[in-house]
Amino acid sequence: MRSRKGVSSEFSSVEFEDTRKDERKQKYPLHTFPYYYGILFCVFLILLLRFIVFLDQKLPIPLKKGDEVLHPDRFIAERAQEDLKYLTDLGPRVVGSYENEVLTVEFLRKQIFDIIHEAHPSQKIELDVQVVSGSYFLGSKPTGKINMYANIQNIVVKLYGQNDNNSLLLNAHFDSVPTSPGGSDDGINCAVMLEILRKYSKHGTRFVHNVIFLFNGAEESGLQASHGFITKHKWAKESKVIINLEAAGSGGKIVMFQTGPNKVWLNEDYGKVPYPRGQAASEELFQSEVIPSDTDFRVFRDFGNMVGIDMAFVKDGYRYHTKYDRFDNIPLGSYQHVGDNVMSLVKNMANNPELGNENAESGKVVFFDLFGGYFVSYNTSTAVILNLSIFVLSLLVFLLSLRRFNLGITVNTVLYFNQIFAVTLFGWLLSFLTIILLAYVIDLLGYGMSWYGHPWLVLGLFVIPTIITSTPMLLLIRPMHISQNANCFIQAQIIRLIWSFIMLVITLLGVRTTYPLLMVVLFDTLAYVVILAMGLEHSGSKWKIIYLTISLIPTSFSMSIAIELFDFFIPLTGRIGSNKIPDIIIGFGCVFATLLTLTPYYFLISTLNKPKNFYKILAAVFVGCFMIVFTPFGFPYSGDYKSPTPQRFWIMHSQRVFHGEDGGIIKKDSGYFFLNMDRNSPRSVAKYVDDLKRTADLESDCKNFLLCGLPLAHPKMCDVVRYSTWIPASSPIIPDPVNLKIHSKTEISPTLIRYNLTISGPDRLMFYLSPKKNLNLHKTSLLDKMGHQVFWNDRPYYFFVYVCGKEVTPVNALFDIEVPENHTGPTMDIAVSGNYVHPKKFRMTQDFSKFLSKFPDWADLTAWVANYQSWVI
């Protein structure tokens with residue numbers, strides 16, 4: 001029997017607990033959470049992002065030579081590393097240099113002879129050294145080029161198969177750009193090919209098909225050696241499939257970024273490699289020419305009618321084409337990753353009966369990897385069916401949800417739906433506009449690209465403002481006829497419907513990169529299928545837990561794609577020219593990535609108590625990151641060899657000579673020609689390089705002379721030459737001046753004048769030709785068929801590249817100019833630029849050396865001497 005005191009005490013305790021519950025309900029209404037839950041969720045997402053980064057950076061365990069006893073058939077990373085060490089110790093291997101044409105060729109021949117000597121008796125291996133000359137037109141934005149080459153070298157090895165009719169071709173180039181030792185680009189892939197040849201040469205059984213290893217001696221000079229092989233080598237016609245190995249970064253994992261064209265089996269074979277890595281998004285971006293690079297894959301495809309796979313290292317793109325692309329910054333695991341993948345791919349393809357089968361299944365392919373562990377590929381017909389099916393399922397699940405909440409198609413319901421659609425889309429639009437304004441202001445103040453050296457800053461500068469501007473409008477929706485729980489349930493699904501419609505439109509437009517949207521829509525839909533099947537839609541918190549758990553899958557996938565793309569594009573902004581605003585480019589990418597990744601969670605904003613506090617904390621983080629931009633901590637560049645984020649400069653100590661119609665010199669000067677590679681150039685070095693105060697205006701030169709009268713080294717420079725810098729300076733030392741000799745000028749018909757010319761100079765010549773107004777270049781002996789016309793100051797012009805390898809020879813050419821009858825006077829302007837890129841073949845003046853010494857350590861300088869002369873003939 002209880003005492004009255006005990007009953008009274010128990011009653012008081014229960015009454016106290018009920019009071020606490022009532023207070024909690026008043027403080028946090030039903031189905032709401034404290035605002036700091038939102039902050040904790042953001043922290044969780046950041047931790048998830050960090051985990052995805054960890055997975056992205058995880059490399060396979062490398063095998064050393066001592067492991068070969070247990071793994072005789074495996075790729076040995078340590079041996080490939082030793083081969084790369086020798087190559088990088090040679091220094092830059094520029095086409096035409098002793099290092100490239102003699103030392104590297106001798107090294108590769110020795111290694112291959114050793115492999116042949118140690119090969120299994122059942123294997124047949126043949127080595128051929130090709131010295132080749134040729135020409136072709138290579139189209140690209142903003143202009144194409146007539147690409148000519150002479151005496152360049154290829155080291156070609158054939159591992160014979162059982163069937164001698166068809167061959168698989170592996171390609172990597174052993175040359176490098178000036179100043180760079182070419183560790184990743186493309187030395188590591190040459191070393192990998194040597195090791196693969198070494199391993200497969202010891203197999204007792206031959207592959208079904210031949211495997212040809214092409215060690216390509218001239219890629220950096222304009223994709224020339226690949227053209228020499230595929231158009232002139234004795235094994236070219238039997239080469240049916242290409243595996244091209246490249247680099248646009250240093251270390252990390254090798255990524256497949258192009259495949260086909262239109263061969264399904266290639267993706268099926270690639271899907272069997274141990275560590276697949278590739279996205280159709282990369283292929284569509286690369287083939288749209290948004291990226292200012294090209295690879296030999298294009299030459300094999302366009303001139304050899306080959307199909308295949310294009311792979312490249314893309315991590316740490318800051319090192320690409322700089323002095324930082326060294327041997328010691330490539331982890332051993334990177335060798336193992338590329339070695340295992342390519343070894344597996346060679347085995348799969350060299351034994352595949354589809355190789356050489358012209359009737360193999362055709363069609364464009366959608367492909368992507370799941371965290372580097374599983375590869376998904378399917379053709380576009382399947383993609384259309386899959387995307388349409390998921391769209392219909394998404395719509396049906398939405399309609400079922402309306403029925404579960406007894407929401408008919410009434411005026412109030414339609415108005416409610418329209419409100420969600422309107423405020424959501426308005427929030428997204430506001431996000432893009434806000435980021436444009438923010439990026440423009442930062443750029444206008446001269447503090448752009450702070451995230452270039454500190455990629456994490458994009459979270460504070462662009463991701464947080466996207467959240468702040470795209471979500472608050474959802475709080476304005478307060479429907480009176482449905483509960484808050486139903487509002488959250490429906491709100492999230494309407495956002496999914498928006499993505500579903502976007503996916504549908506992109507699918508119907510024929511874009512293959514719909515799979516990121518597919519993943520979001522698919523798993524969001526599946527989450528609601530589970531919730532509705534379990535009857536939990538009215539449960540408040542239970543359905544949210546299920547939804548959030550399932551949504552982590554597409555969130556992680558979206559993060560992995562974003563990491564891969566931003567890892568590539570952020571370093572890329574350091575070489576897109578000064579005429580583009582990279583903060584807008586990266587900002588736009590951040591907005592889209594944020595919306596795709598986080599909008600499935602936007603309904604949670606409506607569940608936060610005191611959401612203003614949530615926004616205040618986010619705003620404080622944004623303000624902090626924004627302030628960092630204007631401090632030394634936000635400076636984008638670094639010369640730290642362990643983790644460089646350099647600013648690139650191409651600087652040519654140039655001599656210019658302009659000839660008039662009578663052949664006399666009308667202008668002669670010398671100076672330092674800056675190609676401004678990024679938005680901050682040359683402003684960023686103004687306080688170090690006082691010579692910039694003497695900058696001369698190029699406007700009159702750009703108006704009066706072809707391509708501003710500057711010694712361009714690449715046709716892509718045509719797009720940014722107007723934004724270049726010219727500093728008058730003393731004359732350079734020119735070891736072998738350029739020269740134009742006119743042997744004859746003949747009227748071969750009333751409307752055609754033929755010029756017989758010889759152009760001479762160093763081993764790297766560029767010359768550009770522009771017929772006078774209303775005249776045309778009819779044809780030239782340098783090319784069978786001219787490419788598309790491009791214009792400078794309303795006149796067509798043609799850009800010629802001429803590179804010599806083992807031996808320098810002049811250009812002998814015929815040009816036929818189409819003119820009106822009885823035409824008198826000159827017919828064209830022609831300019832010749834000689835580029836002296838070998839430090840051992842030219843001497844810098846004291847003034848030029850002193851000028852270069854003024855640059856800070858974070859400036860990566862590619863400096864050489866140039867000689868420019870122009871004529872009116």
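**View 1. The disulfide between Cys 702 and Cys 708, and two further cysteines.** Cys 702 is buried, and so is Cys 708. In this predicted model, these two residues form a disulfide in which the sulfur atoms of Cys 702 and Cys 708 lie 1.9 Å apart. The torsion about the S-S bond of Cys 702 and Cys 708 is about 100 degrees, and the disulfide is therefore right-handed. Cys 718, by contrast, takes part in no disulfide, since the nearest cysteine sulfur, which belongs to Cys 708, is 9.6 Å away, a distance to be set against the cut-off of 2.5 Å that a disulfide requires. The count of disulfides by this rule comes to 1.

View 2. Gln 647 is found in strand 12, which covers residues 647-659. With a relative accessible area of 0%, Gln 647 is buried. The side chain of Gln 647 is joined to the side chain of Ser 684 by a polar contact of 2.4 Å. When residues up to four places away in sequence are left aside, Gln 647 touches Tyr 637, Asp 678, Asn 680, Ser 681, Ser 684 and Val 685, together with Trp 858, Ala 859 and Asp 860.

**View 3. The packing of helix 3 against helix 5.** Helix 3 (residues 77-89) packs with helix 5 (residues 183-201) at an angle of about 135 degrees, the two axes being 8 Å apart. That angle makes helix 3 oblique to helix 5, and the crossing of the two helices is right-handed. From helix 3, the residues that meet helix 5 are Arg 79, Ala 80, Asp 83, Leu 84, Leu 87 and Thr 88. Their partners in helix 5 include Gly 183, Gly 187, Ile 188, Cys 190, Ala 191 and Leu 194, and also Glu 195, Arg 198 and Lys 199.

View 4. Within helix 8 (residues 280-287), the buried residues are Ala 280, Ala 281, Ser 282, Glu 283 and Phe 286. Just after helix 8, Glu 289 takes a positive phi of about 65 degrees.

Definitions and conventions. Residues are numbered from 1 along each chain as its sequence is written. This is a predicted model: local features need pLDDT of at least 70, side-chain atom pairs count only at pLDDT 80 or more; totals for chains, interfaces and linings use all residues. Side-chain values use heavy atoms; hydrogens and water are left out. Helices (H or I, at least four residues) and strands (E, at least two) are DSSP runs, numbered from the N terminus. Buried means under 20% relative accessible area, exposed over 50%, partly exposed in between (1.4 Å probe, protein chains only). A polar contact is a pair of N or O atoms within 3.5 Å; within protein, one must be able to donate a hydrogen and the other to accept it, and residues adjacent in sequence count only if both atoms are side-chain atoms. Contact means heavy atoms within 4.5 Å. Axes are lines fitted to C-alpha atoms, for helices over the stretch in contact, and angles run from 0 to 180 degrees between N-to-C directions. Angles under 35 degrees count as roughly parallel, over 145 as roughly antiparallel, 65 to 115 as roughly perpendicular and the rest as oblique. A crossing is left-handed if the near helix is turned anticlockwise from the far one by less than a right angle, and right-handed if clockwise.
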